[in-house]
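Biologist: Please take me through this structure, one question at a time.

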Amino acid sequence: MSTSAASHLPPAFPDRAPWGTASKLRAWQAAALEQYLREHPKDFLAVATPGAGKTTFALRVATELLDRGEIARITVVAPTEHLKSQWADAAHRVGIRVDPQFRNSHGTHGRDFDGVAVTYAQVAARPLLHRARTEAARTLVILDEIHHGGDALSWGDAVREAFEPAQRRLALTGTPFRSDIAAIPFVTYVEDGAGVRRSQADFTYGYGDALRDGVVRPVIFLAYSGQMRWRTRAGDELSAKLGDPLTQDVTAHAWRTALDPKGEWMTSVLRAADTRLSEVRRHVPDAGGLVIATDQTQARAYASLLRGLTGEPAVVVLSDDSGSSKRIEEYAAGQQRWMVAVRMVSEGVDVPRLAVGVYATSTATPLFFAQAVGRFVRARRRGETASVFLPSVPLLMQHAGELEVERDHALDRPRTGRDEDWSPEDALLAAANRAEQASAEADLLPFEALEAQAEFDRVLFDGGEFGTSALVGSEEEQDFLGLPGLLEPEQVAVLLRERQAAQQKGRRKAGADAVAVAQAGADRATHREVAALRKELHQLVGAWAKRTGQPHGTVHAELRRSCGGPAVPQAGADEVRERIAALRRWFVGKP
């Protein structure tokens with residue numbers, strides 16, 4: 001066992017040592033270790049942002065306690081099978097032998113090992129077995145991503161039952177809150193002035209601290225909106241612009257329409273993300289991208305789209321596939337451009353070269369969002385910046401804007417989605433939202449996406465918003481996709497402000513010109529005339545799509561390329577007439 005080796009470990013695994021951190025513990029790790037050894041606690045909760053080096057800190061604690069004879073056995077509890085192997089590899093580097101292949105049916109671990117790595121699900125399946133193992137020797141239990149201990153009441157009870165006799169318990173998390181109000185085992189809660197119990201960490205090292213220290217990358221969020229059209233179970237065709245103020249059920253339908261692999265929105269966003277990845281790879285040759293999908297069917301479809309766009313196969317990782325862990329490891333050590341996953345890499349998995357992400361899932365809880373973004377923030381060298389592409393959904397925009405806000409897990413409050421200023425009115429609103437959400441989910445079952453057009457919306461960075469709405473492929477969009485791959489956070493902010501100012505100046509001039517043209521033109525069509533023209537266009541597009549087998553969105557995109565102008569909802573009467581005329585020419589075989 002070697003405390004020196006633990007001090008020299010890279011802060012995350014496997015096989016890397018970020019700049020300035022290879023020779024000794026990081027400052028926060030050293031401070032947390034000093035506090036732990038000074039206080040000698042039975043329970044200790046360390047909250048550290050993803051990529052900060054929680055594994056290194058925990059293993060240094062373990063080596064200290066083993067060397068002092070205060071413990072004789074280690075149990076690591078992790079959320080996934082893949083993380084069990086990751087912990088075992090890390091422990092091996094400091095001379096601690098952890099068995100990640102231990103199964104409940106084994107009863108005890110082999111003589112060659114100092115302990116085991118298990119999942120929360122394993123503990124929940126046989127808590128009394130793990131209690132017996134804990135009682136058999138002085139045990140340090142490392143609870144990785146401890147919030148999973150509250151995933152279900154039965155899980156929390158099992159974790160308490162199994163590890164209550166432990167000599168020491170070291171809890172770790174990068175996301176110190178949950179999407180529900182289930183109590184997390186072995187976490188201290190303190191009542192605030194409003195009577196709400198909040199989780200209390202023994203040591204906290206947040207994203208803002210890590211960003212200032214250069215331990216993690218800053219994140220640029222690139223949001224895309226666009227016009228969506230779908231058919232409900234009642235047969236009604238509805239349309240809305242993603243990102244506009246909408247009811248919860250309409251937002252859910254528009255969001256789901258955007259994520260449809262057959263629509264133009266996903267193709268456009270994946271193309272933009274790959275353009276951004278190419279720019280990053282000019283400075284960071286092994287930089288990789290990750291698409292986080294809602295389900296396995298969409299994951300495979302996105303991989304097919306990426307292959308068509310890049311000419312290279314994407315690595316597909318599915319949570320129930322026995323080869324997933326190996327594929328993640330191969331991707332982490334390789335040079336492939338893209339990986340597509342459902343949930344396998346949402347938390348804890350270390351792939352430091354991930355630099356570009358596409359959030360293509362309808363999961364919107366703060367916990368999952370924070371875990372997903374955490375996959376892209378692990379810094380390896382100065383100037384690296386992460387880029388995450390998002391649908392312009394208000395809830396996701398809120399999560400992105402709050403990335404640097406430190407939040408504690410709070411109990412005794414309704415699920416309002418907020419952590420402060422709760423009132424009885426909030427409870428009524430929350431109940432209404434839950435009822436509306438249930439209705440929306442029921443309505444999503446017989447759902448058909450018809451059209452999804454993408455539009456660049458804006459960039460979120462360092463608490464600010466930059467850019468103005470622009471067509472996909474426009475110079476305005478390219479201004480942001482082409483940001484250099486290696487920039488310090490201050491340089492990123494300066495460039496974003498400069499490009500924002502230039503675009504606003506150009507928009508003001510274009511707006512003045514448009515007003516002059518409108519004043520010189522004839523009277524505008526009435527809203528009824530415009531509605532009739534749009535209906536006629538949609539009917540013709542539907543007929544052409546049926547005749548050719550093309551998606552509706554592809555037909556609309558071709559018309560826009562041929563005739564010019566904005567998306568249908570923003571197009572004027574003359575522009576719609578021109579598209580109708582073009583479609584009619586297509587039907588008779590004329591260009």
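**Sheet, helix pair and pocket**

Biologist: At roughly what angle do the axes of H2 and H3 cross?

Modeller: This is a predicted model. Helix H2 covers residues 27-39 and helix H3 covers residues 54-67. Their axes come within 10 Å, and the angle at which they cross is roughly 35 degrees.

Biologist: Is the crossing of H2 and H3 left-handed or right-handed, and how many charged residues are in the contact?

Modeller: H2 passes H3 in a right-handed crossing. By class, the contact has 8 nonpolar and 2 polar residues, and the number of charged ones is 3.

Biologist: Which strands stand at the edges of the open sheet?

Modeller: The sheet has 7 strands with parallel pairing, in the order E3-E4-E2-E5-E6-E1-E9. An edge strand has a single partner, so one side of it is left without a neighbour in the sheet. That applies to the strands at residues 98-99 and 203-205, namely E3 and E9.

Biologist: Which element gives the most to the lining of the second largest pocket?

Modeller: The pocket has a volume of about 480 Å³. Its lining has 30 residues, with Tyr207, Leu211, Pro218, Phe461 and Pro489 nearest the centre. The lining divides into 14 nonpolar, 5 polar and 11 charged residues. Elements giving two or more residues include strand E10, helix H14 and helix H17, but the most, 3 residues, comes from H8.

Key. Residues are numbered from 1 along each chain as its sequence is written. This is a predicted model: local features need pLDDT of at least 70, side-chain atom pairs count only at pLDDT 80 or more; totals for chains, interfaces and linings use all residues. Side-chain values use heavy atoms; hydrogens and water are left out. Two strands pair if DSSP finds at least two bridges between them. Helices (H or I, at least four residues) and strands (E, at least two) are DSSP runs, numbered from the N terminus. Axes are lines fitted to C-alpha atoms, for helices over the stretch in contact, and angles run from 0 to 180 degrees between N-to-C directions. A crossing is left-handed if the near helix is turned anticlockwise from the far one by less than a right angle, and right-handed if clockwise. Ala, Val, Leu, Ile, Met, Phe, Trp, Tyr, Cys and Pro count as nonpolar, Asp, Glu, Lys and Arg as charged, and the others, Gly among them, as polar. On a 1 Å grid over the protein atoms alone, a cavity is a set of points where a 1.4 Å probe fits but cannot get out, and a pocket is an open set with protein on both sides within 12 Å along at least five of seven lines; lining residues have an atom within 4 Å of a point. Grid points are joined across faces, edges and corners, and a volume is the space filled by probe spheres set on the points.
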